[in-house]
2 protein chains.
Amino acid sequence: MEQSIKLSVDAVVFGYESGTISVLLIKRKYNPFKGKWAIPGGFVLNDESLEEAVERELREETGVQINYLEQLYTFGNPKRDPRGRIISVAYFGLVHPNAFKIYASTDAEEVHWFKINELPELSFDHKEILDLAISRLQSKITYEPLGFELLDEKFPFSDLEKLYTTLLGRAIDRRNFRKKILKLNVLDELSEKVSKGSGRPANLFKFNEKRYFQLKKDGIVFDI
Amino acid sequence: MEQSIKLSVDAVVFGYESGTISVLLIKRKYNPFKGKWAIPGGFVLNDESLEEAVERELREETGVQINYLEQLYTFGNPKRDPRGRIISVAYFGLVHPNAFKIYASTDAEEVHWFKINELPELSFDHKEILDLAISRLQSKITYEPLGFELLDEKFPFSDLEKLYTTLLGRAIDRRNFRKKILKLNVLDELSEKVSKGSGRPANLFKFNEKRYFQLKKDGIVFDI
């Protein structure tokens, strides 16, 4: 019997900016789910890799060009798409939203960053895809260093703390967190200070790029 | 343009038995790679889920019936299969090989457990799939408790230690390991003892089933 299954890719792009996580969604121009919000994505071309496909679809629909999305999971429920059997390989990534100019095109009528606690109703099984991506993002914190592409080049320690609490969606033991992060040797403490609010001036930090990408590769075990 | 991509699934089944890890392979009955060894797998039927497909293919080709394979990764390189564009969703699992009777059928001419350090040449990109599965298995140790289905019901602590060193492929700090495992509260120490070799009798342990599956669900952070 002839197999009649189609293959698509979807890109969950999270944006982090000073205490807020958002996700990039498009409003669908065509049916099914015309006028509804969805994760950017589309069909794979015969001769392109899955990574090329997901980067192309993201670029075409939203204007966002990134080449470091990570494979999340493949969704293959036979009933997930009303058009027939379509499985989707989902990818995800975390970026600084200000680094990108977004504009809707091809299958997208609009494109917008939505805060993840203010999401519209989503098309297909995209809520399930997004939920899995969020939980993967949270667990990544425990085995990879994080923040290099998201924070300013020099930042007070509290900015890193805010990033972690935002991603986790809960408070953390601040003293322990500081101890554990410093133990990773991934930060260089600068002599420069910054004044914020009414507290005393705080030292600025900078990622040690070499060490950061080494640990990204080797993995860490970070109990937070 | 019509999409002409086919979808298959592959099952990497690891077996653990007293200090040895093996993997279940089949010898291919048909071309391409006729007579060569490969990971069990095959094409997805139009109306079955990916999980149903991988369990069916595994059962048909090897006789092994398991329903708790975990999705590993989707391999989509356009050149990975000489027959055309075929992407594969790979799954993996870890079992006690003695719990299964294996017999080759359908597309398999033979089926065999191979020690992972004595592997034959593999078909397609199956070496790459297997390597990723091994590294995922090793990293799972750091975020999930392990051993319930693999060790005897009652076992000396050294059996659990051997499981971890075997999976990691390296020695561990034994005293630290014992401390960390006991801290998880996942083992009940029994009053029964066992004599092995010339050492003094060792207490037997048993997994606390409720706590084990709770931690399996919640996740752990285990630095080994």
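Trainee: How do β8(A) and strand β10 of chain A pair, and over how many bridges?
Mentor: In this predicted model, β8(A) runs antiparallel to β10, residues 202-207 of chain A, with two bridges between them.

Trainee: Which residue stands opposite A:Pro156?
Mentor: That's A:Leu204, in β10(A).

Trainee: And what order do the strands of that open sheet take?
Mentor: β8-β10-β9 in chain A, three strands with antiparallel pairing. The edges are β8 (155-156) and β9 (187-194), each pairing on one side only.

Trainee: Are A:Phe177 and A:Phe222 buried or exposed?
Mentor: Both are buried.

Trainee: Which residues do ring pairs link into a cluster?
Mentor: A:Phe148, A:Phe155, A:Phe207, A:Tyr212 and A:Phe213.

Trainee: Nice. Which ring does the charged end of B:Arg178 sit over?
Mentor: The ring of B:Phe157, at 4.8 Å from its centre. In chain A, the charged end of A:Lys6 sits over the ring of A:Phe43, 5.8 Å from the centre.

Trainee: Last one: what pLDDT does chain A average?
Mentor: It averages 94, and 100% of the residues score at least 70. For the complex, the predictor gives an ipTM of 0.92 and a pTM of 0.93.

Technical notes. Residues numbered from 1 in each chain as written. Chains lettered and ligands numbered in written order. Predicted model: local features only at pLDDT ≥ 70, side-chain atom pairs only at ≥ 80, totals over all residues. Heavy atoms only, no water. Pairing = 2+ DSSP bridges. Helix = DSSP H or I, 4+ residues; strand = E, 2+ residues; numbered from the N terminus. pLDDT = per-residue confidence, 0-100. Buried < 20%, exposed > 50% of the residue type's maximum accessible area, 1.4 Å probe, protein only. Phe/Tyr/Trp six-rings, centres within 6.5 Å; stacked < 30°, edge-to-face > 60°. Lys NZ or Arg CZ within 6 Å of the ring centre and 35° of its normal.
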